[in-house]
Amino acid sequence: PPPRPQGPIGGSQRLPEAPERQRVPPTSPRGPQWAMAAETSAEMNGDTLLGLAFLILAIAAGRRSQMHMRFGGSGRVLATWYGLIFMCSILRSVWFFIPSSVL
């Protein structure tokens, strides 16, 4: 048989442990569940960026919804559509702006 390659892929050496975030047990009556302690700065930056993007989308959808509310007939359908986009974007932006440690 061919020799087994040495190293982290197929040999006896193990991969070094990744520097994980500290795991803390949550105060949950359900038992020993584990949750991440805190977000990294990269995750916080990404969440802030996504929150801002959804906030901009919500502002644009709100303006479009107001514009289409003036029209009758199909304008109300478009106003409803943009209203739904507005509400979903607001919820998403709030979700991204709240840190995971609070949730």
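The following is a conversation about a predicted model of one protein chain.

Biologist: Before we start, what kind of model is this, and how are its residues numbered?

Modeller: This is a predicted model, in which local features need pLDDT of at least 70 and side-chain atom pairs count only at pLDDT 80 or more, while totals for chains, interfaces and linings use all residues. Residues are numbered from 1 along each chain as its sequence is written, and side-chain values use heavy atoms, with hydrogens and water left out.

Biologist: What is the mean pLDDT of the chain?

Modeller: The mean pLDDT is 76, and 63% of the residues reach 70 or more; pLDDT is the predictor's confidence in each residue, from 0 to 100.

Biologist: And which elements have the lowest and the highest mean pLDDT?

Modeller: Strand β2, residues 35-36, has the lowest among the elements, with a mean of 50, whereas helix α1, residues 41-69, has the highest, with a mean of 91.

Biologist: How many helices and strands are there, and in what pattern?

Modeller: The chain has two helices and two strands, and along the sequence they follow the pattern β-β-α-α. Helices (H or I, at least four residues) and strands (E, at least two) are DSSP runs, numbered from the N terminus.

Biologist: What span should α1 have, and how far apart are its ends?

Modeller: With 29 residues at 1.5 Å a residue, α1 should span 42 Å, and its end C-alpha atoms are 42 Å apart, which agrees. The expected span of a helix is 1.5 Å times one less than its number of residues.

Biologist: Then what about α2?

Modeller: Helix α2 covers residues 74-97, and its 24 residues should span 34 Å, which agrees with the 35 Å between its end C-alpha atoms.

Biologist: Which residues of α1 are buried, and what do they pack against?

Modeller: The buried residues of α1 are Asp47, Gly51, Phe54, Ala58, Ala61, Gly62, Ser65 and His68, and they pack against α2. Buried means under 20% relative accessible area, exposed over 50%, and partly exposed in between, with a 1.4 Å probe and protein chains only.

Biologist: Which ones are buried in α2?

Modeller: In α2 the buried residues are Gly75, Ala79, Tyr82, Gly83, Ser89, Ser93 and Phe96, and these pack against α1.

Biologist: Take serine 89, then: why does it count as buried, and what is it in contact with?

Modeller: Serine 89 counts as buried because its relative accessibility is 3%. Leaving aside its neighbours within four places in sequence, serine 89 is in contact with Phe54, Leu57 and Ala58, where contact means heavy atoms within 4.5 Å.

Biologist: What does serine 93 touch?

Modeller: Serine 93, which is also found in helix α2, touches Gly51, Phe54 and Leu55, not counting residues up to four places away in sequence. Its relative accessibility is 2%, so serine 93 counts as buried.

Biologist: Moving along, is histidine 68 buried or exposed?

Modeller: Histidine 68 lies in helix α1 and counts as buried because its relative accessibility is 11%. Not counting residues up to four places away in sequence, histidine 68 touches Gly75, Arg76, Leu78, Ala79 and Tyr82.
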